[in-house]
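Subject: Structure handover

Hello,

Here is the structure I promised to pass on. Notes on what was found in it follow below.

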Amino acid sequence: MKTTIAQVGHYIDKEVKIGAWIANKRSSGKIAFLQLRDGTGFIQGVVVKAEVAEAVFQTAKSITQESSLYVTGIVRADERSPSGYELTVTDIELIHQSTDYPITPKEHGTEFLMDNRHLWIRSKKQHAVMKIRNQIIKSTYDFFYENGFTKLDSPILTGSSPEGTSELFHTKYFEEDAYLSQSGQLYAEAGAMALGRVFTFGPTFRAEKSKTRRHLIEFWMIEPEMAFMEHEESLEIQEQYVSYLAKAVLTECQLELKVLDRDLSKLESIQAPFPRITYDKALDMLHEKGFDDIKWGDDFGSPHETALAEHYEQPVFITHYPKSLKPFYMQPAPGREDVVLCADLIAPEGYGEVIGGSERIHDYELLKQEIDRHGLPLEQYQWYLDLRKYGSVPHSGFGLGLERTVAWFSGIEHVRETIGFPRLLNRLHP
Ligand code: 4AD
Ligand code: MG
C-alpha cells in the first residue's frame, strides 16, 4: 500500500510503501537505521541484515544523505519514537543517489545555511516552522470566514503609500511612480464599504534599512477591515483572533512544537482578553524601569517593547499613541487631539509588535487636512477620500505580521527562518 509518513498510523503491522529521502543514517555490520522524511513527517526505518535480501542491506549501507528512494516496510507502533512509529524495512528501491549534500548534521553558520536556504528548508526544525506557518495561515482563513469576513485581494502595484514614504519600493513601468504595496489597508477600507467585513492577506514590501530579528523587507500581512466598527470593538476581534491562532497551533502542531522544544505554557497563556495600557501609562512604566531618556512623543524601540511586555504573561495592547508617531489616516481620540485611536499588540518574550491597528478617520475634511499635512499627493488619494464622501461610517482595522507571529509561536529567534525564502537587507538569493 503506497502511503505517507503522516498516514502510517492507519497501517500498524501492515506493509506500506513510501516515497522518501534520507535525512540521516547510521549503520553497523548488521543493522542500518535510516532517518526517513517525505515532507509529511519523519520516521525511522530499521534495516536488519539477516532479514532482508543482501542487495537491500548493501543499498541501505551505502545510501547517502538526501538520496531519494521508495522504501517498503512493516509499520510498528513504537512509544520511544517521537512520531510514535517505526518502519521495519523489507525493501528499498533507490531513485536517486545524492552526492555531497552540503548540509550535514554538524553545526553550520547562519550565513551558510541562508545561502543554502533551498535545501535548509528540508531539515526537521525548518520543516516544523513551515508547518506552524501553514497552520496559522489555515486558521486565519477559518477564523475570518467563521466571523463573516470576505477575502479581498488588494493590489501589489500601487500609487499610494499608507505607511509613510520613506520605505517604498519604486518600480518603473507606469508613466508615474508606482510602488510595491506597503499595506493593503486603503483598498481594504474600500472593500469594507462594499462588503462590510473584509480581510486582505498578501505580501507587503518595506525598503527598511533595519537589520533586526523582526524585520524582513518582504513579509506577509493579514489585514482585516470592518465597517461600523469602533476602536474598542476592533481590539476584541484582535484578541479573539490571536487566541484562536494560538489554540489551533497548540492542538494541530503538537509534534512540531516538540521538535522546536517550545515551552507550551507560553502559548497556553495566550487567551483573550489581553491587558490594555495607554502610551502615557507605558511611558510612566518605562520611566519607573529606569529608561530615563525616553520622553513623550518618542517611539518605543525594541528594548522598550520588551521591557513593557515583561510585565505581562499575555500579549499587551498599547493604545493611544501620539498622533505624530502614526500614519495620516488614524482617528484622533475624543477630547485628546494629540493622541490617536490606535493600538499595537506587543507579544511577550521579546517578539515585539505583532499587530498594528486603528480606527480610521471618517470625516472628509479632517482626512483631507491630514493628507495635506503629511505632504501626500492629493490626486492619488481622491478615491480614498471618496469613501468619506459617499456614506462614510466609523470603521477600524488592523494588520498582523505573519512572520513575527510564526517566530513567536515557534519560539525561534529570528524572522528569517519563518518564511520559505526570506528577503532581507542584502539578501535576494536563493
Ligand atoms: O504597523 P504596521 O506598519 O501597520 C500597517 O501596515 C497597517 N496599515 C495595518 C492596518 O491597520 N491594516 O504593520 C503591521 C504589522 C506589524 O505589527 C508587524 O507585525 C508587521 O506588520 N510588520 C513587519 N513584519 C516583518 N518585517 C517588517 N519589516 C514589518 N513591518 C511591519
Ligand atoms: Mg506598526
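In this model, a side-chain N or O atom of Glu223 lies 2.7 Å from a nitrogen atom of ligand 1, which makes a polar contact (a pair of N or O atoms within 3.5 Å). Tyr329 has a polar side-chain atom 3.5 Å from a nitrogen atom of ligand 1, and a polar backbone atom of Phe398 is 3.4 Å from a nitrogen atom of ligand 1. Ligand 1 taken alone exposes 620 Å², of which the protein buries 94% (Shrake-Rupley areas, 1.4 Å probe).

The model is predicted: local features need pLDDT of at least 70 and side-chain atom pairs pLDDT 80 or more, while totals for chains, interfaces and linings use all residues. Residues are numbered from 1 along each chain as its sequence is written, chains are lettered from A and ligands numbered from 1 in the order written, and side-chain values use heavy atoms, without hydrogens and water.

There are 22 residues around ligand 1, counted when a heavy atom lies within 4 Å. Glu163, Gln185, Glu208, Glu223 and Glu353 come nearest. By class, this shell has eight charged, seven polar and seven nonpolar residues (Gly counts as polar; Tyr, Cys and Pro are among the nonpolar).

Elsewhere, three strands form an open sheet in the order 8-10-9, with antiparallel pairing (strands are DSSP runs of E, at least two residues; a pair needs at least two bridges). Its edge strands are strand 8 (157-158) and strand 9 (170-171). Thr158 stands opposite Tyr179 in strand 10.

Regards

Note on methods
Polar contact = N/O pair within 3.5 Å; in protein donor to acceptor, adjacent residues only side chain to side chain. Helix = DSSP H or I, 4+ residues; strand = E, 2+ residues; numbered from the N terminus.
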